Amino acid sequence: MNYTSTRSPANDPISAQEAIKRGIAPDGGLYMPMQIPVLTLAEIDVLCTKSYAARAAYLLGKFLTDYPTEDLLTECGQVYSSARFPGGAAPVVRVDDTLHFLELWHGPTAAFKDMALQIMPRLLSGALRQTGEERTALILVATSGDTGKAALEGFKDVKQTKIQVFYPVDGVSPVQKLQMATQTGDNVSVMALRGNFDDAQSGVKNIFGDDAIREELAAHGVFLSSANSINWGRLVPQIVYYVSAYCDMVKNGSIGAGEQIDVCVPTGNFGNIFAAYLAKTMGLPIGRLICASNTNNVLTDFLSTGVYDRNRAFHTTMSPSMDILISSNLERLLFLLFGHERTAACMNALKKMGCYALSRDELSIIQKTFVGYFTDEENTARIIRETWEKYGYLIDPHTAVAVGAAEQYEKDRGTKRKLLVVSTASPYKFASDVYASLYGETPKDPLTAGERLSEKTGTEIPAPLADIAKRTVRFTQETDAAHMAEEVLRFATGD
């Protein structure tokens, strides 16, 4: 299985290991496999009998053909164990005959990013080893909250790596900020950015594209890589949990083998929902993909009009991991459907003018699978409250955004298909907002809100979040976008 950039045909297609090692293509594009493997119903039947780890190894093996099968089995077995995911790697919870939640937050940082960022450092280490790479990989990350902590936790003290994370200083929850500020490990750096997530993400992309920075890093034996979902090694493990969820729904009798389901994903950078699209493209029986946005509804407008326009107000919401106006992984969808040349044209227009437009025919192709809705702040709070009152099921704001989109979809379409809503974070990562949504008052101390929420609801605080207020703060630095490159060079070179 070879890989190519989304923006230009590769003269020499590269391997999966090389794509994971590089993170982003030299032309600024994202790496994609040159063909999508097939998953048959017979294979799905067999996977229904397997553990999550075995399912993961099998599916990763379809894309990462240069990784030894035994290595994938070993790594997946260790990563997706009950020790790392005590609540199960990706359990499906049925709350009524139609509605199911795919819980992806039982890992060490209580967010769905753990599903990929626990295995990705092992994939990168394998790539470094098997390609004979002697340099140190500097993992550069822009985060809207969850990716940063999950990446830090996954890469801490991993040999031959350093990791530096930038997050918007006022764009993450207090718990998310403290998770990153207290991170342990000798190879980690955390920096608050005076700006929003798009500023951080654009800054990281600019550093990747700067030849002078790459040359200076190379002189110190360092090269850049990424743990954001722009890296294929981050995205490919996300395909697994959609296939696994389908298998579990068949096993528990929620659906019959081969029956189609709809999937609703709270969406910011488009990586999670694109992984679902890849699963569907492979052959998983998925009907529609419902793209759920918060008030930063650039994707909702795009899926309705075909115009992607980031020139709009940026809103800070109670679902900060979705506070994004540049959804990077949408580029991969454009490539898969329309090819290199069209994708490059759209990305150039986005960079120069902040917008691009699809033709009516192009939009029609996307709308065969995707539909977009958004949930505003008032309705997000309402849905958190109503989901608890109706089902006794506690959800975080991102999951509530998805439930709101699913409600609108079912009202518009009248579909009778079973619905899988992706639950991307523990409600305790956003305990203050969840508490306020349920009880109409905001706790004075956001770091003790989890204790109050637990007392009132009788639910348990996940172990990774239980003692967070007692941890030692290591990182308090702030910078702005103009000085990100300086901070990267200082951390990478030790100057």
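Helix H14 (residues 330-338) and helix H15 (residues 340-353) have axes that come within 7 Å and cross at roughly 145°; axes are lines fitted to C-alpha atoms, for helices over the stretch in contact, and angles run from 0 to 180 degrees between N-to-C directions. The model is predicted, so local features need pLDDT of at least 70 and side-chain atom pairs count only at pLDDT 80 or more, while totals for chains, interfaces and linings use all residues. Residues are numbered from 1 along each chain as its sequence is written, and side-chain values use heavy atoms, with hydrogens and water left out.

**Helix pair**
- Helices (H or I, at least four residues) and strands (E, at least two) are DSSP runs, numbered from the N terminus.
- Glu331, Leu334, Phe335 and Phe338 of H14 meet His340, Arg342, Thr343, Cys346 and Met347 of H15, where contact means heavy atoms within 4.5 Å.
- This contact of H14 with H15 comprises 5 nonpolar, 2 polar and 2 charged residues (nonpolar: Ala, Val, Leu, Ile, Met, Phe, Trp, Tyr, Cys and Pro; charged: Asp, Glu, Lys and Arg; polar: the others, Gly among them).

**Pockets**
- On a 1 Å grid over the protein atoms alone, a pocket is an open set of points with protein on both sides within 12 Å along at least five of seven lines, a cavity is a set where a 1.4 Å probe fits but cannot get out, and lining residues have an atom within 4 Å of a point.
- The largest pocket has a volume of about 970 Å³, a volume being the space filled by probe spheres set on the points, which are joined across faces, edges and corners.
- Its lining has 39 residues, with Ile24, Gly28, Lys205, Asn206 and Gly209 the closest to its centre.
- H14 and H15 are among the elements that each supply at least two residues of that lining, and H9 gives the most, with 6 residues.
- The second largest pocket, of about 340 Å³, is lined by 19 residues, of which Trp105, His106, Ser426, Glu460 and Pro462 lie nearest its centre.

**Cavities**
- The whole structure holds 2 cavities of 30 Å³ or more.
- The largest cavity has a volume of about 260 Å³, and of its 25 lining residues Phe112, Lys113, Arg234, Asn269 and Ser321 are the closest to its centre.
- The lining of the largest cavity divides into 9 nonpolar, 14 polar and 2 charged residues.
- The second largest cavity, of about 40 Å³, is lined by Ala142, Gln201, Val204, Lys205, Asn228, Ile230 and Ser328.
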